[in-house]
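I opened this entry to keep track of what I looked up in the model. My notes follow in the order I made them.

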Amino acid sequence: MTLENQLSTDANPCFECGQCCQHFRVSFYHGEIAGNGAGVVPGELTTKLTDHLACMKGTEKGGAPCVALRHTQAEGWRCSIYEQRPSPCREFNILNEDGTPNPDCLRLQEVAKQRRQELP
């Protein structure tokens, strides 16, 4: 099965990983926050960084999970504000535009795999 076909099935590796939402600082232009023009990101889930930048709570320093990330045994890792997520989340994909695997995503998937193997 190709990676592209795998993404169209229920075995989406994102649901087993969630590392991008637990590793990166998710910073974006403050205009993406609901109430700031055309923004849709819930303001109560953001932290002001500068006059022009905000980030998702929990990701201020990187290496910690986004406040919007949820995990259940039944569904795996999911974004609780998926339709209202900021641009960095919309732009980070498992595949690059040319269809090749995103090396950052592959690296983070490996971290998630190692963590699962360490669990009792």
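Before the sheet, I wrote down one rule: two strands pair if DSSP finds at least two bridges between them. I then checked β1 and β3 (residues 53-56), which pair in the antiparallel sense over 3 bridges.

I found an open sheet of 3 strands in the order β1-β3-β2, with antiparallel pairing. Its edge strands are β1 (27-29) and β2 (46-48), each pairing on one side only. From one strand to the next, the twist averages 35 degrees.

I moved on to β4 and β5. Strand β4 (residues 69-72) pairs with strand β5 (residues 76-79) in the antiparallel sense, over 4 bridges. A hairpin of 3 residues joins β4 to β5. I saw that L69 stands opposite C79 in β5.

The average pLDDT of the protein is 88, and 91% of the residues score at least 70. Over residues 1-9 the pLDDT stays under 50, although the model has 13 contacts beyond four places in sequence for them. Where pLDDT is low, the predicted coordinates should not be read in detail, so I left that stretch alone.

Which residues make up the largest nonpolar core? I listed 10 residues: V26, F28, I33, V41, L45, A54, M56, C66, A68 and I81. In soluble globular proteins, nonpolar side chains tend to be buried together. I took A68 from the list and looked up its contacts beyond four places in sequence: M56, R78, C79, S80 and I81.

How many disulfides are there? I counted 0 disulfides, with a cut-off of 2.5 Å between cysteine sulfur atoms. C66 is in none, and its nearest cysteine sulfur, that of C89, is 6.2 Å away. C66 counts as buried because its relative accessibility is 11%. For C89, the closest cysteine sulfur is in C21 at 6.0 Å, too far for a bond. C89 counts as partly exposed because its relative accessibility is 27%.

My last stop was Q19, in the loop between α2 (13-17) and α3 (20-23). Is Q19 buried or exposed? Its relative accessibility is 6%, so Q19 counts as buried. Beyond its neighbours within four places in sequence, Q19 is in contact with L108, V111, A112 and R115.

Key:
Residues numbered from 1 in each chain as written. Predicted model: local features only at pLDDT ≥ 70, side-chain atom pairs only at ≥ 80, totals over all residues. Heavy atoms only, no water. Core = buried A, V, L, I, M, F, W, Y, C linked by side-chain atoms within 4.5 Å. Buried < 20%, exposed > 50% of the residue type's maximum accessible area, 1.4 Å probe, protein only. Contact = heavy atoms within 4.5 Å. pLDDT = per-residue confidence, 0-100. Helix = DSSP H or I, 4+ residues; strand = E, 2+ residues; numbered from the N terminus. Axes fitted to C-alpha atoms, helices over the stretch in contact; angles between N-to-C directions.
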